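Open the model in your viewer and colour it by chain. The tour below goes stop by stop, with something to select at each one.

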Amino acid sequence: MRLLRSLGIALAALLVVGFAATPIAASASSGSGQKVTITFWDTNAGPDRTPIYTALIKRFEKENPGITVNYVGIPEADYEQKIEAAIASGATPDVANPGQGQLADFIGEEGVQSLDGYYKSWSGRSQMDPSSVKSVRAEAPDGKLYGLPYSGNVDILFYRKDWVAQHSLPSPSSSWSAFYKDASALTDPSKNVYGFGLRGGSGSVAQLEGWIYAESGLTSYFNAKGQSTLSNPKAIAVVKKVVAMYGKDTSKGDINQTYQPMVAEFEGGHAAMIQHNLGSYPQDVQAMGSSEVGASILPKSAVTGKQVIVNSGDLVDMIFKASKHKAAAWKFVTFLSSPYADSYWNQEVGQIPTNTVAAKSAWVAKNQPIQTVEKALKDPTTVVVNPPVYLPDYAPIQLQMEPVFQKVLLGQVTVPSFMDQWAGLMTKAQQQYKQSIKHKKA
Amino acid sequence: MPAVGRPALMAGSERAGGARRRRRRAWWVPYACLAPAAALLLIFVLYPVLSVFWYSLQSYNPTKPYLNAFVGLGNFQQILTQDPLFRQSLWISVKWVVCEVVLQFCLGMGLALILNSTFRLRGLARAVVFSPWAVSGVAVTAMWTLMYNPFGGMFDTILKSTGLARTPVQWLADTHLVFGAAVTAELWRGVPFFAILLLAALQAIPEELYEAARVDGASRVRAFVRITFPLLRDAIVLATLLRAVWEFNNVDVLYTMTDGGPANLTTTLPLYIANQAIQYHNFGYGSALTVVGFLILLCFAIVYLRLSRFGQEI
């Protein structure tokens, strides 16, 4: 009994001391000005990407002996939820690296620090790709810069170069008609091989968007009246073709397919083509060899003859408003966008550097899919369409429409009805956003 | 006053003083001991519950602060009159709970009866039967998704090698199969819960009752119906109620295995709530859905306990 009482007293004392000691410890580290520890949340952690940051942080800490970076890896699927909870509870890290699409939400939640003050006096700003910086700035209703871009991305058509050659087929990237012809010709259900691996599960609608605008030739998400172009007959015609492929040139199991199973289907020899962003390329080449993997931007629109590329959104490094070490955090963020770090990270991942010096690295010239993007961007007729990632509802609408797209694939909902519903939500979100800006200005 | 009397008097007054001190201490010490637990309950249980009730009356989306406002019962009105997905997800939840609880109970009862009998390697058999209970939902999903894989999964291999199927069976993509496939995976994990609980209750039934029944010429079935089942009643009621509540709130297996798909065919009410609150950021509407789910479970528990006469004499 006495032992239990003693244990209880000891535990209570420990708790009291623990509670009392926490603010003391926090104030000591923040007030000393000697050694600063910043926390960095990597929003796409995993065996492929964590080692890249480990190497970069090691180098950063060597160059900046007064700053220690505490790396916290978060799986991609969970990061938005975790950051939102952190903002709501005031327990944010110092730095995180979300996608541009999610940055708008965090700005809306008033959890992100504007970087303009730092950016104006930063010597490295002349090296940043101006279009990327402009695109990130456009996300904020107040036009301020809330994130420093470090990587660009677009949708790519990956295909089995060897199979296309064996069947004497035209390159699927040459035209949309060649793409559909190849998908049909390369399908052999008896061998569990399908012409196309469709993403029907999580992420399906985001990917479908890139396809719709590339094939239809539509060059804007909204018309002059602020109405979504998704219910345009050209867009509807594209989705009808996509849906017609399901179960014929694709596996029926594709209805649930997410990113990783889709890539596995391609790499496992069950799909001749898939659509995904640049990030898949290194993994595909490693799994299959560069002689087998073909990669190109999506074909030109047969309707308008234009090459339309939907910007998949940059990845950005942002500093949280609640950070107590903003200067150190800024130092780390600028390091990640420096020529060395930006080149190293993007080379490992296979994406486009946003630092113009890094973009001239030798590896970029040898990266086949990036070269197809660069070539298209040099063509004056190419149109780059920027999705409305500034809309807080943009990503939630995509998620909301995913089960409806599955119903379309199952024949339970018609394509026009699906597109009308989707367009209606986008138009409403755009109107609400514009009203909110007016309200703020007033 | 005799010398010996003084210490005795002192001892007596000390005892009286000690008793008074104990009495004085007695009124606040229990409260002080309970205070930490009460504080934790208030902070971590009562506050979140009350905040869910409060948010259910708001239109609250942290990404669109310009639209946040008090809407009274507006969210509930929308749920009950304009939300077909609520009705669909509630129906799927009910199907899910009924299938899981009934099947888990029947199989768990069968296993408990087998494991209660005497046979060689009974200890090993018990360990094997109980082992799925130790597996996490995500691990269950990983294992069953591999078995359901249409390209070389266990079921695909068996069906093809026995000639029962020529083309791959899309267990998780076929609208007619996906619900059953998910139910089977969860069933595998849930059966041991009933088996453990019912086995413990079976072992508490006195052997003399069965001996008396045998003497009276009762068959095994009659002994089960007349002795085992009535004496297991409270254990069965408690186990089925707990399991029904857990299965109603189950998220892990369905979220990781089907993500509610395809086409919302496996979207239960908790998954729908998670989508509304976490993915679409509609925390006000998600809170209102949570309140509705809570009230449904509360009513179910009260009616079920009343009808089953839980805790009453047989």
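What radius of gyration does chain B have, and what would a compact globule of 314 residues have? Chain B has 28 Å, but the globule would have a value near 20 Å. Keep in mind throughout that this is a predicted model.

**Stop 1: chain B.** Select chain B and display the C-alpha trace. Along its principal axes, that trace spans about 110 × 75 × 35 Å. Switch to cartoon. Chain B has 13 helices and two strands. Now think about burial. Of the 314 residues in chain B, 28% count as buried. Look at contacts too. Taking contacts in chain B with a separation of 6 or more, 67% join residues 24 or more positions apart.

**Stop 2: chain A.** Hide chain B and select chain A. Its C-alpha trace spans about 80 × 60 × 55 Å along the principal axes. In cartoon, chain A shows 18 helices and 11 strands. For contacts in chain A with a separation of 6 or more, 75% come from residues 24 or more positions apart.

**Stop 3: the six-stranded sheet.** Stay in chain A. Six strands form an open sheet here, in the order 2-1-3-9-4-10, with mixed pairing. Which strands of chain A are at the edges? Select 67-73 for strand 2 and 352-353 for strand 10 in chain A; each of these pairs on one side only.

Next, select helix 2 of chain A, residues 50-63. This helix packs on the sheet and touches strand 1 (36-42) and strand 2 of chain A. The direction of helix 2 makes about 170 degrees with that of strand 2 of chain A.

Select residues 95-96 (strand 3) and 315-319 (strand 9) of chain A. Strands 3 and 9 of chain A pair in the antiparallel sense, over two bridges. Show two side chains: Val95(A) stands opposite Ile319(A) in strand 9 of chain A.

Technical notes: Residues are numbered from 1 along each chain as its sequence is written. Chains are lettered from A and ligands numbered from 1 in the order in which they are written. This is a predicted model: local features need pLDDT of at least 70, side-chain atom pairs count only at pLDDT 80 or more; totals for chains, interfaces and linings use all residues. Helices (H or I, at least four residues) and strands (E, at least two) are DSSP runs, numbered from the N terminus. Two residues are in contact if their C-beta atoms, placed from the backbone, lie within 7 Å. Two strands pair if DSSP finds at least two bridges between them. Axes are lines fitted to C-alpha atoms, for helices over the stretch in contact, and angles run from 0 to 180 degrees between N-to-C directions. The radius of gyration is taken over C-alpha atoms; the globule rule is 2.2 Å times the number of residues to the power 0.38. A residue is buried if 20 or more other C-beta atoms lie within 10 Å of its own, exposed if 12 or fewer, and partly exposed in between; C-beta atoms are placed from the backbone.
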